[in-house]
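This report describes a structure for a reader who meets it here for the first time. Please look through the sequence and the model before reading on.

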Protein chains: 2
Amino acid sequence: MKGRVSLHWKDSSTWKLFKYSLLSYLLLAGLFTMLYSLFAYSRQKDEMERTLYKVHQTHVPNIVDALWITDKQRVQRELDAIARFENIDRVEVRDDEGHILFTGSEPLPDAERRIETLRYEHGDRSVVVGELSVFLDIRGMALKIVNNALLLLLLQTALSVLLATVAALAFHVSFGRPLSRFARFISADEGSVSEEPFVLENRAHDRDELGILVSSFNRQRSATARSIAEINEMNMQLSDANALLRQSEEALRTSKESAEWLG
Amino acid sequence: MKGRVSLHWKDSSTWKLFKYSLLSYLLLAGLFTMLYSLFAYSRQKDEMERTLYKVHQTHVPNIVDALWITDKQRVQRELDAIARFENIDRVEVRDDEGHILFTGSEPLPDAERRIETLRYEHGDRSVVVGELSVFLDIRGMALKIVNNALLLLLLQTALSVLLATVAALAFHVSFGRPLSRFARFISADEGSVSEEPFVLENRAHDRDELGILVSSFNRQRSATARSIAEINEMNMQLSDANALLRQSEEALRTSKESAEWLG
């Protein structure tokens with residue numbers, strides 16, 4: 001069709017809609033993941049402090065008692081109990097003679113070490129009986145949060161692509177395609193105006209912006225067709241009248257000439 | 001303007017878009033909250049089992065030892081330690097003489113009671129020294145999950161309304177309004193066709209579906225205007241020719257009549 005502008009898919013509003021909605025969903029997902037990770041981090045830190053509080057309240061007195069009577073088996077049991085808490089890598093006790101008891105793996109270089117001096121208190125006396133070290137697995141804690149964030153981002157990216165695709169398809173079916181069909185319909189009879197109206201495939205558009213546009217167009221189109229038909233009709237009448245006039249003029253001219261001849 | 005269909009806001013595609021996108025966001029939010037709550041519930045149950053495992057491994061042996069030597073103070077300390085775990089409402093020990101030691105509030109009617117018989121093992125001997133009851137706050141656990149779910153739903157509802165509003169506004173600005181303007185433009189000159197083209201306010205539409213529709217329309221419109229102008233021109237020429245013919249016919253008729261008179 002002459003002069004028709006063809007639509008490249010990259011210029012289509014469906015593609016633009018897909019692009020922008022995907023972008024905004026991904027931005028939201030990023031923001032959400034960031035906030036969630038910050039929240040998870042602060043919760044993990046609180047949890048860690050609660051664990052250390054439990055160790056201080058529950059296990060430290062038991063260890064002090066056990067060290068005081070040099071019950072190594074009980075000290076070991078308490079250390080095992082502490083190591084059962086989450087994010088604790090290793091626990092060790094050094095007694096007043098320098099002997100070390102421990103539970104857990106070799107201390108990692110980036111573990112955070114919390115040290116508590118163990119004192120036996122009895123009346124006015126306070127005797128240092130040893131030192132407790134708790135190694136916190138900060139790296140493992142951070143890794144868990146990062147892994148969670150990556151999983152969340154992945155899920156949200158999949159969801160964003162899905163949502164943007166659904167939105168773009170819905171838009172294409174209800175606007176992109178009807179608009180293109182409409183444009184092709186208009187281009188198809190450029191110059192020659194018929195009274196046949198354009199019909200939208202989807203009845204849902206009957207009273208919305210697109211439906212109103214189409215009905216305005218169809219009304220204007222049929223009015224134009226009528227007025228062109230009227231002018232054409234008038235043209236025909238004028239042509240007929242012209243032909244008649246020419247005929248009668250010819251007749252007159254002939255009869256006038258014959259009259260002059262006679263005269 | 002005669003016969004123009006006016007747009008009710010409830011029929012506009014902007015409103016339909018808002019409605020459907022809000023609905024689908026809310027459905028997604030509901031689904032997400034449900035999955036999240038199920039996940040949180042199973043995590044809480046696992047956490048509970050881990051806590052009970054810690055109690056069994058760490059505190060039960062200590063309580064048995066303390067009961068064996070009837071060290072009530074140490075039994076009490078162990079009970080306090082158990083009550084420090086999350087979602088544990090009350091802990092009580094009944095010794096072999098029926099005496100009860102406890103930590104925590106009065107047992108709630110809907111608390112779940114876990115009972116463990118305390119046995120002192122020594123070589124081949126196994127002596128029952130008492131019974132430990134741990135009351136789990138299942139109701140509090142469920143309430144926490146429900147509260148979390150409600151907060152999540154609230155946040156997501158707010159986000160859904162925001163997203164749907166932004167989407168609807170963006171759609172209105174880029175499609176709803178131009179389509180309505182276009183329809184008004186067409187309606188305004190129903191019947192009288194001028195060559196003045198319709199211009200989209202937003203240059204972003206230049207090459208998309210709407211831009212192509214508008215340029216097809218403008219081309220068809222100017223072609224129609226040109227052909228109407230041509231037919232009108234022809235009409236004028238015919239009319240002029242007619243007038244001339246009538247004049248010359250009149251002249252002929254007069255000269256013919258005078259010729260006949262003379263003749």
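Buried area is the accessible area (1.4 Å probe) that two parts lose on being put together, summed over both. Between chain B and chain A this area is about 6900 Å², and carbon and sulfur atoms give 61% of it.

## Basis of the report

This is a predicted model, in which local features need pLDDT of at least 70 and side-chain atom pairs count only at pLDDT 80 or more, while totals for chains, interfaces and linings use all residues. Residues are numbered from 1 along each chain as its sequence is written, chains are lettered from A and ligands numbered from 1 in the order in which they are written, and side-chain values use heavy atoms, with hydrogens and water left out.

## The interface of chain B and chain A

Contact means heavy atoms within 4.5 Å. By this rule, 76 residues of chain B are in contact with 76 residues of chain A. Six salt bridges are counted between chain B and chain A, a salt bridge being a side-chain nitrogen of Lys or Arg within 4 Å of a carboxyl oxygen of Asp or Glu. The interface also has 17 residue pairs in polar contact, both residues being at pLDDT 80 or more. A polar contact is a pair of N or O atoms within 3.5 Å; within protein, one must be able to donate a hydrogen and the other to accept it, and residues adjacent in sequence count only if both atoms are side-chain atoms.

On the side of chain B that touches chain A, the elements giving two or more residues are α1 (13-68), α2 (72-83), α3 (138-188) and α4 (209-262) of chain B. Of these, α4(B) gives the most, with 32 residues. Helices (H or I, at least four residues) and strands (E, at least two) are DSSP runs, numbered from the N terminus. By class, this side of chain B has 31 nonpolar, 24 polar and 21 charged residues. Here Ala, Val, Leu, Ile, Met, Phe, Trp, Tyr, Cys and Pro count as nonpolar, Asp, Glu, Lys and Arg as charged, and the others, Gly among them, as polar.

## How the two copies are related

Two copies of a chain are related by a rotation about an axis and a shift along it. Chain B can be laid on chain A with an RMSD of 0.4 Å by a turn of 179° and a shift of 0.0 Å along the axis. That is the relation of a two-fold axis. The copies are superposed by least squares on the C-alpha atoms of residues with pLDDT of at least 70 in both. Of the interface residues of chain B, 100% are also interface residues in chain A, so the copies meet through the same surface.

## Salt bridges between the chains

One of the salt bridges joins the side chains of D65(B) and R77(A), at 3.3 Å from N to O. In another, between D11(A) and R207(B), the closest N and O atoms are 3.7 Å apart. This pair joins two chains, because D11(A) lies in the segment before α1 (13-68) of chain A and R207(B) in the loop between α3 and α4 of chain B. R207(B) counts as exposed, at 53% relative accessibility; buried means under 20% relative accessible area, exposed over 50%, and partly exposed in between (1.4 Å probe, protein chains only).

K16(B) forms a salt bridge with D208(A), with 3.5 Å between the closest N and O atoms. K16(B) is in helix α1 of chain B and D208(A) in the loop between α3 (138-188) and α4 (209-262) of chain A, so this pair also joins two chains. Both K16(B) and D208(A) are buried.

## A salt bridge within chain A

Over all chains, the whole structure has 26 salt bridges. One of them links E49(A) with R114(A), whose closest N and O atoms are 3.2 Å apart. E49(A) lies in helix α1 of chain A and R114(A) in strand β3 (residues 112-122) of chain A, so the pair links distant parts of the chain, 65 residues apart. E49(A) is partly exposed, with a relative accessible area of 40%, and R114(A) counts as partly exposed at 30% relative accessibility.

## Two local sites

T14(B) lies in helix α1 of chain B and counts as buried, at 13% relative accessibility. The side chains of T14(B) and H172(B) are joined by a polar contact of 3.3 Å. Leaving out residues up to four places away in sequence, T14(B) touches E209(A), A168(B), F171(B), H172(B) and G176(B).

Most residues other than glycine have a negative phi. Phi of T70(A), however, is near 45°, a positive value. T70(A) is found in the loop between α1 and α2 (72-83) of chain A and counts as exposed, at 63% relative accessibility.
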